[in-house]
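Here are my notes on the model you asked me to look over.

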Amino acid sequence: MENAPRSTRAIQETKRASLAKSHFLANMSHEIRTPMNAVIGITYLLGQTKLDEEQRPLLSKVERASQSLLAIINDVLDLTKIEAGELLIEHTAFALPSTLHEVHDLISVQAKSKQIGYEMVLDKDAPPACSETPLDCGRFS
């Protein structure tokens, strides 16, 4: 490698660094996923117990937040799959208003704790659900 041109060495070093980063991300994602699954499991078990009117919505927010965090962890794993050329894309139907309300609930807690005004306004013409065709979800910019 000492005789290789500087640009060739730089390309090889860049590839090694990228591979090391991908391995690091994959390992860290797996390490974080284990305690996250414990949080999700304990949240589920807690939801099976008697909770008062104040506790149930708080537990629901913990559950949604932990699911969101798990989705982020999965996205990091997907990034490593993209870099390895192994990611499969899938289209999934979902309820748009429900998803937006879940995001609103998570963001509004943070906004309130920072004393920031936050409001979500859902257009009356927004589709109730998105089918497997992304274009059915309306126009987003």
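**Notes on the model**

1. Let's start with R64, which sits in helix α2, spanning residues 55–83. Helices here are DSSP runs of H or I with at least four residues, strands are runs of E with at least two, and both are numbered from the N terminus.

2. Before going on, some ground rules. This is a predicted model, so local features need pLDDT of at least 70 and side-chain atom pairs count only at pLDDT 80 or more, while totals for chains, interfaces and linings use all residues. Residues are numbered from 1 along each chain as its sequence is written, and side-chain values use heavy atoms, with hydrogens and water left out.

3. Is R64 buried or exposed? R64 counts as buried because its relative accessible area is 17%; buried means under 20%, exposed over 50%, and partly exposed in between, using a 1.4 Å probe and protein chains only. Its side chain makes a polar contact of 2.7 Å with the side chain of S60. By polar contact I mean a pair of N or O atoms within 3.5 Å; within protein, one must be able to donate a hydrogen and the other to accept it, and residues adjacent in sequence count only if both atoms are side-chain atoms.

4. Leaving out residues up to four places away in sequence, R64 touches E102, D105 and L106. A contact means heavy atoms within 4.5 Å.

5. The axes of α2 and α3 come within 10 Å and cross at roughly 100°, so the two helices are roughly perpendicular to each other. The α2 side of the contact is K61, R64, A65 and S68, and the α3 side is E102, D105, L106 and V109. The axes are lines fitted to C-alpha atoms, for helices over the stretch in contact, and angles run from 0 to 180 degrees between N-to-C directions. Under 35 degrees is roughly parallel, over 145 roughly antiparallel, 65 to 115 roughly perpendicular, and the rest oblique.

6. Also in α2 is S66, which counts as buried because its relative accessibility is 3%. What does S66 touch beyond four places in sequence? The partners are M36, V39 and I40. S66 and N37 are 29 residues apart in sequence, yet their C-alphas are 8.5 Å apart.

7. Now α3. Its 18 residues reach 26 Å from first C-alpha to last, close to the 26 Å expected at 1.5 Å a residue; the expected span is 1.5 Å times one less than the number of residues. Within α3, L96, P97, H104 and A111 are buried.

8. Take a look at Q115, in the segment after α3. Q115 has a positive phi of about 55° although it is not a glycine. Q115 counts as exposed because its relative accessibility is 76%.

9. Y118 is also found in the segment after α3, and it counts as partly exposed because its relative accessibility is 35%. Setting aside neighbours within four places, Y118 is in contact with H104, I107, S108 and A111. Of these, H104 and A111 are buried residues of α3. Y118 and I107 are 11 residues apart in sequence and 8.2 Å apart, C-alpha to C-alpha.

10. Finally, the whole chain. The protein chain has 3 helices and 0 strands, and buried residues make up 15% of its 141 residues. Among contacts with a separation of 6 or more, 65% are between residues 24 or more positions apart.
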